[in-house]
Amino acid sequence: MQSLPAISNLLKLKPSAGLPRRFQDNLMIFLFLLPAVVLFLLFVVYPILQSVYYSLFNWKGFGPAVDFVGLDNFKNILKDRVFLIALRNGLLIIALSLLVQLPLSLLLAVLVGRDLPGRVFFRTVFFLPYVLSEVIAALMWLFILNPDPDRGFVNAVIVALGGQPQAWLGNPNLVLIAIFAALTWKYFGYHMLLFMTGLQNIPSEIEEAGRVDGANALQNFFYITLPLLSSTIRTSVYISVLGSLQQFIMVWIMSKGGPVNASETMATYMYRFGFVRFQLGYGSAVAIYMFLLCLIFSLIYLHFTRKPDYLSGLEG
Amino acid sequence: MQATATYRPAWNARKFFQRLLQYSVLVTVVILVFVPIVILVFGALKTRGELMSSPYTPPIPPRWENLISILTTPRYSFWPMLWNSVMVMVATTTGVVVICSLAAFIFSRMDFRFKNWVFQLFTLGLMFPINIAILPVYFVLRQLNLLDNLWGVIIVQTAFQLSGNILILRGFFAAIPAELQDAAYIDGCTAFDFFWRILLPLAKPALAAVAALTMIMSWNDLLVPLVVINNDKLWPLPLGTMQFQGQYGQDLALVSAFVLLSALPTIIFYLFAERQIVSGLTAGAVKG
């Protein structure tokens, strides 16, 4: 910005300078927000409202929805054993994520630490699966989980160690564990990255002070590092829970929700009713349930975290 | 180091074992991360017969036939799918960067009456991800006649990236000092001048982060094309990869080659843009 031309501009007064400043600003606010608001209303908000409407009908998707059934869809979903399995699986994936995936990510972030030689290499490798598409991740796991030890590497290792090969994706008791392993492989790097950033933001002097005061490494970790990391942990928990509730692609490619619905998630359930059986009213009601679950969880999360990090926008 | 060792001789040995433990855990995880990838690469570089007889040995000598066959057989339509993916990615990324920086500017730098309401509406979008919304969105696309049309994919991908990226950019824009804005106004800048000539150039790293994140998201997306696109001439790469596995699943070597080739652009892009991707993701989650 050269000041001289700017001043001469000011003296000359552009034609637009005649308009009140306030009007110019309002016009700009309107035009700048227009594309985002239109897209958002049309493709995010309107679909929600419309599916609330459709969820009250028994509708196959052709012609207008006329067979009004009230809340029957919502009642029938809760009576469907398969939906309850999907709900249970969702909660199971949440529990496993919080008890296995997040502690593992945290452990790795602490191990990589601040200044370990090779830190960048480890971060790059651990984060790689997150960047690969879910299709590719799911197909790679499909290959290594093949029940035939001559085709599936996991079973080859088990046989080499003297065990029995398992039909990982064909056994209703194992399929969810197998899918969870693939999910952990794909997503732990993301949480590790969050924890690494969180750790970086803790001044090393604080831990140093703890050490000088005679705390051992474990005490240092549990009484100093962990509390200071709590906002990162909350963010990680939030993302992990919301992600677990809506798992779709990996499950759909690896098992299609089977065998006999053993790995069904709410998203595969909705997809099956919406796009395979074309019971669109019923599918809409499933979508509403999922939306409500996410909303309730988010509100609880906001209630318990005074200063929300991920959703800091909500406080204005 | 040496000075420390002279008066605390035990220290170095302890430190050594600690490091040893650290590295052995980390290297084990590195190996676990690489197992599925290495198995895939091995498979892609063997003939079908070799893969049957010795599935887990390194591919020596490497056979390039599978890869070449994917790249040169028109029936496999690798290149058209790649092209579809590129077009969707470029359009979505442009849309997201432009639309989100306009909106984020208003939310971070201007005031109007219902600002908080409008902003909260957008943050609500974070609770309604595309995996949940896909069925409702499908109805709307059908009403607008956007099924079997790449524009349908582009618009939906863009719409569902708005909330997160507006949040990220708003954070970055708000961090630019207010004094700069005052100075620009005193020098005769309009609000638009300030946005275009001062704020955007300063926010280049943030824009790069948002662009990199959006590129990855769009490139990897399967769900939206799966629902929107029926016509196999319009399939983007992830959808094509899934269908290829369904059709040629018996020839594991050939499928491995296809999956490898479809993963390669992402891996190369990741190695070049890691910094942008990482900064975008951590800004989105940590700063909000």
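Me: Which residues of H5(B) meet which residues of H11(B)?
Reply: In H5(B), the residues B:Ser85, B:Val88, B:Met89, B:Thr92, B:Thr93, B:Val96, B:Val97, B:Cys100 and B:Ser101 meet B:Leu207, B:Val210, B:Ala211, B:Thr214, B:Met215, B:Ser218 and B:Trp219 in H11(B). They are called contacts because two residues count as such if their C-beta atoms, placed from the backbone, lie within 7 Å. This is a predicted model, in which local features need pLDDT of at least 70 and side-chain atom pairs count only at pLDDT 80 or more, whereas totals for chains, interfaces and linings use all residues. Residues are numbered from 1 along each chain as its sequence is written, with chains lettered from A and ligands numbered from 1 in the order in which they are written.

Me: What makes up this contact by residue class?
Reply: The contact of H5(B) with H11(B) has 10 nonpolar residues, 6 polar and no charged.

Me: At what angle do the axes of H5 and H11 of chain B cross?
Reply: The axes of helix H5 (residues 78-109) and helix H11 (residues 204-220) of chain B come within 9 Å and cross at roughly 145°. Axes are lines fitted to C-alpha atoms, for helices over the stretch in contact, and angles run from 0 to 180 degrees between N-to-C directions. Helices are DSSP runs (H or I, at least four residues), numbered from the N terminus.

Me: How many residues does each chain give to the contact between chains A and B?
Reply: Chain B gives 76 residues and chain A gives 77. On the side of chain B that touches chain A, the largest share, 13 residues, comes from helix H14 (residues 252-287), and by class that side has 58 nonpolar, 16 polar and 2 charged residues.

Me: What are the domains of chain B, and how far apart do their C-alpha centres lie?
Reply: Chain B is divided into domain 1 (2-68) and domain 2 (77-287), with bounds that come from an automatic or database domain assignment. Their C-alpha centres lie 34 Å apart, and the contact takes 10 residues from domain 1 and 9 residues from domain 2.

Methods:
Helices (H or I, at least four residues) and strands (E, at least two) are DSSP runs, numbered from the N terminus. Ala, Val, Leu, Ile, Met, Phe, Trp, Tyr, Cys and Pro count as nonpolar, Asp, Glu, Lys and Arg as charged, and the others, Gly among them, as polar.
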